Amino acid sequence: MFADTRPAELDPLDGANAWSEFRVGNPRERLALLRQLRDAGATIVVTGPDGSSLNTTLWSVDDAVLALAVDTGAAALQKLLDHDDALAVAYIEAVKLQFDLRGLVLVRGTHASVLQCATPSEIYRFQRRQHYRVRTDESQGPVACLPHPMRPGAQMLLRVLDVSGGGCALWLPEAQPLLLPGSELPGTAITLDAETHFEATLLLQHLSVLGGRRPGRGVRVGCGWRLEPAAERSLQRWIDRAQKRRRLFVLD
């Protein structure tokens with residue numbers, strides 16, 4: 001990977017271990033992601049080490065070779081061919097994919113030309129945190145421990161219904177005191193699993209009544225949050241693992 005093109009989601013001070021959190025290690029899953037890009041006709045931005053870039057789409061995908069549609073008149077094409085490799089970035093809905101293209105070769109056909117290269121051995125996947133939301137499993141017990149609004153020094157323990165990079169939703173049972181939209185609750189302790197826990201300042205945004213099969217009555221509290229950088233990284237890794245589990249389940 002080019003040293004000066006690391007994505008904004010990663011802190012370079014984290015080192016190789018931070019990158020491993022986002023690596024798609026399963027070859028079958030990598031091919032499935034590439035085929036999704038092909039089938040969706042998703043735009044792929046290909047950038048060379050000198051900053052030259054062009055937009056393309058995937059023409060074909062197999063175990064060993066990728067082919068990308070290309071306009072032979074594109075100004076950046078020859079520069080990319082001169083360097084022989086490039087960085088590719090594309091999106092599938094709320095997911096950013098990043099991978100290297102190595103051994104670029106222009107193959108001219110009668111009706112169209114393509115850029116061929118080796119199928120990438122590594123793909124990095126990042127969530128666009130403002131969009132992707134993970135619904136939690138009640139049996140896993142994600143919780144938020146926040147200051148009690150009416151009893152100084154006391155705390156409330158509420159279940160976390162769902163999580164995104166921008167905030168979360170909490171289940172507030174009817175017996176608990178009402179939380180007011182517009183309030184800020186600094187020092188809220190969030191525990192998503194045994195390995196993921198951090199502090200946040202909750203920004204209470206809206207309340208909505210939840211019914212259905214849920215026992216008892218209560219409201220859904222929609223919250224934004226402010227996080228320190230270390231907490232943001234911890235959260236992003238948890239979200240990425242959650243989506244990876246979901247995609248592997250779909251593949252199975």
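The legends below describe close-up views of strand pairing and salt bridges in a predicted model.

Residues are numbered from 1 along each chain as its sequence is written. In this predicted model, local features need pLDDT of at least 70 and side-chain atom pairs count only at pLDDT 80 or more, while totals for chains, interfaces and linings use all residues, and side-chain values use heavy atoms, with hydrogens and water left out.

**View 1. Strand E5 pairs with strands E4 and E8.** Strands (E, at least two residues) and helices (H or I, at least four) are DSSP runs numbered from the N terminus, and two strands pair if DSSP finds at least two bridges between them. Strand E4 (residues 58-61) runs antiparallel to strand E5 (residues 65-69) over three bridges, with Ser 60 facing its bridge partner Ala 67, and a hairpin of three residues joins E4 to E5. E5 also pairs in the antiparallel sense with strand E8 (residues 113-118) over five bridges, where Ala 69 has Val 114 as its bridge partner.

**View 2. Arg 125 and Glu 29 form a salt bridge.** A salt bridge is a side-chain nitrogen of Lys or Arg within 4 Å of a carboxyl oxygen of Asp or Glu, and here the N to O distance is 2.7 Å. Arg 125 lies in strand E9 (residues 123-127) and Glu 29 in helix H2 (residues 27-40), so the pair ties together parts that are 96 residues apart in sequence. Arg 125 is buried (under 20% relative accessible area, with a 1.4 Å probe and protein chains only), at 1% relative accessibility, and Glu 29 is buried at 2%.

**View 3. Asp 85, Asp 100 and Arg 102 are linked in a network of salt bridges.** The side chain of Arg 102 meets Asp 85 at 3.3 Å (N to O) and Asp 100 at 2.9 Å (N to O).

Notes: Buried < 20%, exposed > 50% of the residue type's maximum accessible area, 1.4 Å probe, protein only.
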